[in-house]
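This report concerns one protein model and selected features of its side chains and backbone. The sequence and structure are shown first.

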Amino acid sequence: MLKVALFNQKGEKINDLDLNELVFGIEPNNQAIFDMVLLQRASLRQGTHKVKNRSAVRGGGRKPYRQKGTGRARQGTIRAPQFVGGGVVFGPTQRKYGFKLNRKVARLALKSALSQKIIDKEFTALDALSFETIKTKNMVEVLKAFNSPRKVLLVVDEFDENVLLSCRNIPNLKLIEANGINVYDILDCTNLMMTEKAVKAVEEALA
């Protein structure tokens with residue numbers, strides 16, 4: 001079994017935590033991680049861009065002049081692309097940028113991201129996290145106890161209102177539930193902090 005230190009929220013080591021090597025101790029698969037990040041980034045795109053083609057532009061229902069005898073090129077409508085105010089050729093249309101990724105690849109990518117955090121020593125395990133009152137200062141003191149770096153991802157088994165509201169005003173700190181853990185957020189942080197119950201929940205889902 002893979003062991004890591006288990007801390008309380010004051011930054012004091014209280015025990016060792018056994019991690020499932022099938023989740024936190026695999027050889028990271030960079031291709032799976034790349035594919036999953038690409039999918040998540042693509043899915044964030046709105047895809048609401050749109051231009052009007054010839055059929056969508058208002059007007060131009062009749063020929064601007066007769067077909068023959070004018071010496072000019074024949075035209076069917078003044079809303080053709082070569083005219084000012086005409087339709088756009090091959091312009092962007094509304095679309096979804098997301099694509100499908102096999103479930104096995106998605107699970108492999110998540111395991112790889114978690115394992116990479118263990119390898120890089122950017123993982124911190126907490127026995128629990130709770131506050132009696134709603135104060136940003138409470139969470140700031142927790143982060144100071146661990147000398148937390150620039151970006152922190154905090155994963156809990158379920159949201160506690162006092163913890164949730166104490167975290168929301170701290171820049172570069174993101175709080176998510178264990179069932180919402182994802183590859184992009186893991187890679188985007190410089191310290192992954194997870195409660196013991198969150199670790200067990202993730203292991204149960206992925207092992």
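## Basis of the model

The model is predicted; local features require pLDDT of at least 70, side-chain atom pairs count only at pLDDT 80 or more, and totals for chains, interfaces and linings use all residues. Residues are numbered from 1 along each chain as its sequence is written, and side-chain values use heavy atoms, with hydrogens and water left out.

## Salt bridges

Five salt bridges are present, a salt bridge being a side-chain nitrogen of Lys or Arg within 4 Å of a carboxyl oxygen of Asp or Glu. One of them joins K3 to D18, with N to O at 2.7 Å. This pair links distant parts of the chain, 15 residues apart: K3 belongs to strand β1 (residues 2-7) and D18 to strand β2 (residues 13-19). Strands (E, at least two residues) and helices (H or I, at least four) are DSSP runs, numbered from the N terminus. K3 is exposed at 53% relative accessible area, whereas D18 is partly exposed at 29%; buried means under 20%, exposed over 50%, and partly exposed in between (1.4 Å probe, protein chains only).

Another salt bridge pairs K174 with D185, their closest N and O atoms lying 3.1 Å apart. It links distant parts of the chain, K174 in strand β5 and D185 in helix α6, 11 residues apart. K174 counts as partly exposed because its relative accessibility is 41%, while D185, at 11%, counts as buried.

## A buried serine

S115 is part of helix α3 (residues 103-119). Its relative accessibility is 1%, so S115 counts as buried. The side chain of S115 reaches the backbone nitrogen of G25 at 3.4 Å.

## Backbone angles

Most residues other than glycine have a negative phi. K121, in the loop between α3 and β3 (123-126), has a positive phi near 55°. N172, in the loop between α5 and β5 (173-177), likewise has a positive phi, near 60°. K121 counts as exposed at 77% relative accessibility, and N172 is partly exposed at 43%.

Conventions: Polar contact = N/O pair within 3.5 Å; in protein donor to acceptor, adjacent residues only side chain to side chain.
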